[in-house]
Amino acid sequence: MELVKAVDALWQRGWLPYDVREMVARSLDESATSLVVDVIALSCSPHAPETVHPRWRGQLDEIGASVWWEGELLEAWATRHIETLSYANRTAAELLKFLGRMPSVPQILPLPGDVLMAAVRAGLDPKVLNRVRGLLAKAESTAFPEEAEALSAKAQELMNRHALERAMLDADLPAEATSRRLWLDKSYFKEKAQLVHVVSEAFRSRAVAYDGFGFVALVGDEVDLESVELLSTSLLVQATRAMVAVGGKAGKGSEARSRPFRKSFLVAYASRIGERLEAMAAVPVPPDDPIVSDERLLPVLADRKKAVDTLFEEMFTRTKTSRVTVRSAAGWGAGRRAADAADIGTGRSAVTSG
């Protein structure tokens with residue numbers, strides 16, 4: 001099937017299942033998006049689960065890619081969606097043309113069938129991950145700032161403690177860095193990417209925004225990158241909610257509902273969050289802390305920083321600094337106030353720099 005060959009070629013060009021689904025969803029219609037998910041499932045189905053990277057399998061689950069049909073895909077797809085076979089063929093032709101135009105991106109995971117499970121470094125412990133997600137979800141939903149602060153502070157403390165404990169467990173192993181892609185909404189992408197950037201810096205990671213596609217490429221340790229994703233997502237929810245709330249209180253046609261105001265709001269929000277994260281990193285850590293007092297910690301973190309910088313330079317040979325223009329003083333002020341009220345979820349004893 002030509003579509004399967006096209007998707008197989010995308011794996012060779014560095015794309016992952018979630019990436020392909022997002023690219024199609026943002027450029028074509030729902031029919032093409034549904035079809036490409038099934039093609040992705042068919043492409044990956046010949047490979048035994050133990051030969052597919054856990055993050056790759058996780059993306060397949062996230063987009064719902066599974067082989068649910070028997071026989072020919074297009075016939076089954078048309079029947080399931082109550083469409084004619086000719087419509088399915090037209091959708092397939094349009095999709096095939098689009099997939100063939102997708103360029104190459106850096107390879108960040110081994111291809112299906114190429115994984116040696118013994119060589120895969122684990123991310124956040126599933127139990128820790130579930131607790132962190134639960135705490136951040138409660139922090140985002142509560143109407144009480146003090147409660148949100150306590151919940152997210154606990155979540156951040158869990159992430160940082162777990163990251164340092166894992167660093168000590170892996171102290172005798174070579175330092176490794178990896179990469180992830182965090183997809184953002186198209187609206188105000190550059191401004192939202194600024195927020196991801198400041199969070200990544202707080203977690204010893206680096207970020208590059210792909211404006212034309214809609215994702216931020218992150219480079220760092222596996223556990224740190226999971227933390228970046230979790231905190232960035234939570235802060236983006238809080239920022240959007242605060243921005244909409246300000247506009248909701250203003251009258252129709254007011255500056256608070258304008259695009260310049262919202263862009264300025266998000267830039268100021270990211271700037272202030274960066275300042276807060278930097279200040280939290282400077283808070284002295286108790287010298288009797290069993291993890292921080294371990295004499296191996298600083299060399300381990302230094303080695304990881306070197307690994308992150310090396311991988312970043314290998315992946316991105318040509319980068320440029322992105323600049324955004326602030327055109328609304330009111331939006332800037334409102335964004336900083338919202339960032340001051342935001343729960344950055346940083347524990348008081350967190351270590352965020354090696």
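Which residues line the largest cavity? The legends below take up this question first and then turn to other close-up views.

The structure is a predicted model, in which local features need pLDDT of at least 70 and side-chain atom pairs count only at pLDDT 80 or more, while totals for chains, interfaces and linings use all residues. Residues are numbered from 1 along each chain as its sequence is written, and side-chain values use heavy atoms, with hydrogens and water left out.

**View 1. The largest cavity and its lining residues.** Ala163, Leu164, Ala167, Arg204, Asp221, Val223, Asp224, Leu301 and Arg304 line this cavity, where a cavity is a set of points on a 1 Å grid over the protein atoms alone at which a 1.4 Å probe fits but cannot get out, and lining residues have an atom within 4 Å of a point. The volume is about 40 Å³, a volume being the space filled by probe spheres set on the points, which are joined across faces, edges and corners. At least two lining residues come from each of helix 8 (145-169), helix 10 (222-249) and helix 12 (297-315), and helix 8 gives the most, with three residues; helices (H or I, at least four residues) and strands (E, at least two) are DSSP runs, numbered from the N terminus. By class, the lining has five nonpolar, no polar and four charged residues, with Ala, Val, Leu, Ile, Met, Phe, Trp, Tyr, Cys and Pro counted as nonpolar, Asp, Glu, Lys and Arg as charged, and the others, Gly among them, as polar.

**View 2. The second largest cavity and its lining.**

View 3. Strand 1 and strand 3 pair over six bridges, and Leu182 stands opposite Val216 in strand 3.

**View 4. The hairpin of strand 2 and strand 3.** These two strands pair in the antiparallel sense over five bridges, and Tyr210 has Phe215 in strand 3 as its bridge partner. Four residues lie between the strands of the hairpin, and Gly214 in the turn has a positive phi of about 110°.

**View 5. A salt bridge between Glu2 and Lys5.** The side chains of Glu2 and Lys5 meet at 3.7 Å, N to O, in a salt bridge (a side-chain nitrogen of Lys or Arg within 4 Å of a carboxyl oxygen of Asp or Glu). Because Glu2 and Lys5 are three residues apart in helix 1 (residues 2-12), they are separated by about one helical turn. The structure holds 18 salt bridges.

Methods:
1 Å grid on protein atoms, 1.4 Å probe; cavity = no way out; pocket = protein on both sides within 12 Å on 5 of 7 lines; lining within 4 Å. Pairing = 2+ DSSP bridges.
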